[in-house]
Amino acid sequence: MEGVSVRKIKKICVFCGANSGKDVAFVNAAFHLGEVLGKRKIDLVYGGGKLGLMGCVSTAVAQHERQVLGIIPSAFTINNLVGETCGKEIKVATMQERLVMMMELSDAFIALPGGFGTLEELFQMISWAQLNIHNKPIGVLNINGFFNGLLSFVDHAVKQEFITPRARKILISATTADELVDKLQAFRFESDPALSKLKWSPSSSQKEKLDLTLRL
């Protein structure tokens with residue numbers, strides 16, 4: 001990465017399935033990602049509990065003596081629904097509060113294979129980046145082509161002019177954990193000049209009027 005500006009990443013939020021999936025490669029990749037984060041001295045933020053790939057990546061990070069923070073809705077803790085979080089745990093009231101806290105406490109985001117919840121979290125972060133709510137890098141770890149269909153769909157949306165080429169650059173992909181973390185560290189955020197005018201201050205109740213067509 002000679003000659004490339006590298007951003008400092010101390011905490012990565014990982015979105016992934018509460019199931020292990022059909023392919024054992026998903027489990028192996030989740031453990032390996034945790035090992036890579038640990039060796040690079042990067043702490044983990046995730047959705048809490050010990051189920052599926054979430055449990056794999058959090059266990060691996062903890063085994064390498066890095067901090068693990070699980071952010072979990074209180075509803076999931078009833079009757080020990082998702083198991084014990086491997087590390088510190090913060091309970092929140094809603095799913096939206098969980099995602100906002102993940103965004104605020106993390107320096108970057110990685111999605112492993114998962115279902116609707118994983119996809120929701122991934123695309124929420126992409127949408128917020130597009131809207132200039134944050135400028136943190138976002139990537140998918142494309143294990144055995146799991147995200148091929150999704151990436152093809154996103155490229156199709158670009159061709160159909162629903163996603164701009166600039167916005168397409170927000171979503172990074174790689175097939176190995178080391179390559180993906182390298183790409184996240186090298187990422188340079190390119191804000192849309194029009195969308196950058198949006199003000200997201202909590203104290204502001206007014207939205208600026210923009211002369212543009214939002215392609216969301």
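Me: How many positive and negative side chains does the protein chain have, and how far apart do the centres of the two sets lie?

Reply: In this predicted model, the protein chain carries 25 positive and 21 negative side chains. The centres of these two sets are 3 Å apart.

Me: What makes the protein chain as compact as a globular protein of its length?

Reply: The secondary structure consists of eight helices and seven strands. For 216 residues the globule rule gives 17 Å, and the radius of gyration of the protein chain is 17 Å; the two values are close, so the chain is as compact as a globular protein of that length. The C-alpha trace spans about 50 × 40 × 35 Å along its principal axes.

Me: Why is S58 called buried?

Reply: Buried means a relative accessible area under 20%. S58 has a relative accessible area of 1%, and S58 is therefore buried. Across the protein chain, buried residues make up 45% of the 216 residues.

Me: Where does S58 lie, and which residues does S58 touch beyond those up to four places away in sequence?

Reply: S58 belongs to helix α2, which covers residues 52-63. Leaving aside residues up to four places away in sequence, S58 touches L44, Y46, G49, V68 and C86.

Me: What share of the contacts with a separation of 6 or more comes from residues 24 or more positions apart?

Reply: In the protein chain, that share is 71%.

Me: What part of the accessible surface belongs to carbon and sulfur atoms?

Reply: Carbon and sulfur atoms account for 52% of an accessible surface of about 11700 Å².

Notes:
Residues numbered from 1 in each chain as written. Predicted model: local features only at pLDDT ≥ 70, side-chain atom pairs only at ≥ 80, totals over all residues. Heavy atoms only, no water. Helix = DSSP H or I, 4+ residues; strand = E, 2+ residues; numbered from the N terminus. Rg over C-alpha atoms; globule rule 2.2 N^0.38 Å. Buried < 20%, exposed > 50% of the residue type's maximum accessible area, 1.4 Å probe, protein only. Contact = heavy atoms within 4.5 Å. Areas by Shrake-Rupley, 256 points an atom, 1.4 Å probe, with all protein chains shown as cover. Lys, Arg positive; Asp, Glu negative; His and termini not counted. Charge placed at Lys NZ, Arg CZ, Asp CG, Glu CD.
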